[in-house]
Amino acid sequence: MPPADAAGAVDSGAVGTGAGDVGAVGAGTVGAGAVDVELVGVSVRYGSAKAPVTAVEDVSVTVAPGEFVVLVGPSGCGKTTLLRLVAGFERPAAGTVRVHRKAGVVFQQPRLFPWRTVAGNLGFALARHGVPRAARAARTEELLALVGLPGMGGRRTWELSGGQQQRVAIARALAAEPQVLLMDEPFAALDALTRERLQEEVRTLAAVTGTTVVFVTHSAEEAVLLGSRVLVMAAGPGRVVEELAVPLPRGPGVDVAALRGSARFASLRADLARATREAAA
Ligand SMILES: Nc1ncnc2c1ncn2[C@@H]1O[C@H](COP(=O)(O)OP(=O)(O)O)[C@@H](O)[C@H]1O
Ligand SMILES: [Mg+2]
């Protein structure tokens, strides 16, 4: 696991590769056919040379700007490993990883600094990303408003509910203004009501800001609600076995509650549940 202060954002640039092909990338302008994340024939192995464990094998995934890609699959199929690859926390044993724009990460646990206030946590992230001291208070308030916690900067993190802490973690990731947000089961530890609320907020946030998102879950419901595209993974070794487009309306005007209750939603969720079952068989 990375240290807590690595949890904010990663200037991925080009991540080194095992196979020698290194992408030369920078901030990158976004145009037609642009790509934010490119994994080509990527394999990851853990363990020793004598007893290697292949966590993912020969995975190729391309994510375009503004896409909301969800990874689903059983425990141990390599979802976290793929996200860590994109974040630059792992290196592939084979294949190429290219991340063309700045990535920010949100984990399952918020991992805030308990000795800092909410504003202190965000200020620390802003400082790390070069925001001048004079601009930090205003930017902190903007971030808090964005995640539904206006005026909460003075609170201690331990005074917050789990859902509020996770909102702060999302705000912290957004502090670096990432164009690509990587989220590893960020709502798994939350109660159902808080989870639904945050799902809606992230869905809207992504649509409004145009942020590219790669999101891990093992909930078919969550995958269909959030994803514009869902990749189904299988274990032993981890690989992508199926891809599902989710042609549901997105954007701030969408009635998400109505969407959840629609026949179209139910049918997509059933398709995904079937694909996931087949992948696990
Ligand atoms: N640091 C590690 N050392 C050894 N094996 C690991 C490590 N991290 C993950 N693995 C193994 O790699 C596989 C994929 O793990 P992971 O990416 O965490 O899956 P998921 O997130 O889908 O549950 C699993 O078999 C897991 O046991
Ligand atoms: Mg995982």
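Colleague: Which residue stands opposite L39 in β3?

Modeller: In this model, which is a predicted one, L39 stands opposite V61 of strand β3. On β5, L39 has another bridge partner, and that residue is V97.

Colleague: And how many bridges are there between β2 and β3?

Modeller: Strands β2 and β3 are joined by eight bridges and pair in the antiparallel sense. The two strands also make a hairpin, with four residues lying between them.

Colleague: OK, and how many bridges join β2 to β5?

Modeller: Strand β2, which covers residues 37-47, is joined to β5 by five bridges, and these two strands run antiparallel as well. One place to look is V40, which has T96 of β5 standing opposite.

Colleague: So what order do the strands of that sheet come in?

Modeller: The order is β3-β2-β5, so to speak from one side to the other, and these three strands make an open sheet with antiparallel pairing. The edges are taken by β3 (52-63) and β5 (94-99), each of which pairs on one side only. If direction is ignored, neighbouring strands of this sheet are turned by 30° against each other on average.

Colleague: Which helix lies across β2, β3 and β5?

Modeller: That is helix α1, made of residues 79-87, which lies across these three strands and runs at about 115° to β2.

Colleague: Let me zoom out for a moment. How many helices and strands does the protein have?

Modeller: The secondary structure comes to eight helices and 10 strands. The protein has 281 residues, and 48% of them count as buried. If you take the contacts with a separation of 6 or more, 73% of them are between residues 24 or more positions apart.

Colleague: New topic, aromatic rings. How many aromatic pairs turn up in the whole structure?

Modeller: A search of the whole structure gives five aromatic pairs. One of them is F68 with F215, and because their planes stand at 45°, with the ring centres 5.9 Å apart, the pair is described as tilted. This pair links distant parts of the chain, since F68 belongs to strand β4 (residues 68-72) and F215 to strand β8 (residues 212-216), which puts the two residues 147 residues apart.

Colleague: Is F68 buried or exposed?

Modeller: F68 counts as buried, because its relative accessibility is 2%, and the cut-off for buried is under 20%. F215 is buried too, with a relative accessible area of 0%.

Colleague: What about F187 and F215, how far apart are their ring centres?

Modeller: The ring centres of F187 and F215 are 5.8 Å apart and the planes are at 55°, so this pair is tilted. F187 sits in the loop between β7 (180-184) and α5, while F215 is in strand β8, so the pair ties together parts that are 28 residues apart in sequence.

Colleague: You mentioned α5. Where is Q199 found?

Modeller: Q199 is found in helix α5, which spans residues 192-209. Its relative accessible area is 3%, and therefore Q199 is buried.

Colleague: Which residue's side chain makes a polar contact with the side chain of Q199?

Modeller: It is E222, whose side chain makes a polar contact with that of Q199 at 2.7 Å. Leaving aside residues up to four places away in sequence, Q199 touches F187, E222, L225, L226 and R260.

Colleague: What sits over the ring of F107?

Modeller: The charged end of R111 sits over that ring, at 4.0 Å from the centre of the F107 ring.

Colleague: One more stop. Which helix holds L144?

Modeller: L144 lies in helix α3, which runs over residues 133-146. Its relative accessibility is 0%, so L144 counts as buried.

Colleague: And which residues does L144 touch?

Modeller: Not counting residues up to four places away in sequence, L144 touches V118, L122, L149, P150, M152 and G153.

How values were computed:
Residues are numbered from 1 along each chain as its sequence is written. Chains are lettered from A and ligands numbered from 1 in the order in which they are written. This is a predicted model: local features need pLDDT of at least 70, side-chain atom pairs count only at pLDDT 80 or more; totals for chains, interfaces and linings use all residues. Side-chain values use heavy atoms; hydrogens and water are left out. Axes are lines fitted to C-alpha atoms, for helices over the stretch in contact, and angles run from 0 to 180 degrees between N-to-C directions. Contact means heavy atoms within 4.5 Å. Buried means under 20% relative accessible area, exposed over 50%, partly exposed in between (1.4 Å probe, protein chains only). A polar contact is a pair of N or O atoms within 3.5 Å; within protein, one must be able to donate a hydrogen and the other to accept it, and residues adjacent in sequence count only if both atoms are side-chain atoms. Rings of Phe, Tyr and Trp (its six-membered ring) pair if their centres lie within 6.5 Å; planes under 30 degrees apart count as stacked, over 60 as edge-to-face and the rest as tilted. A charge sits over a ring if NZ of Lys or CZ of Arg is within 6 Å of the ring centre and within 35 degrees of the ring normal.
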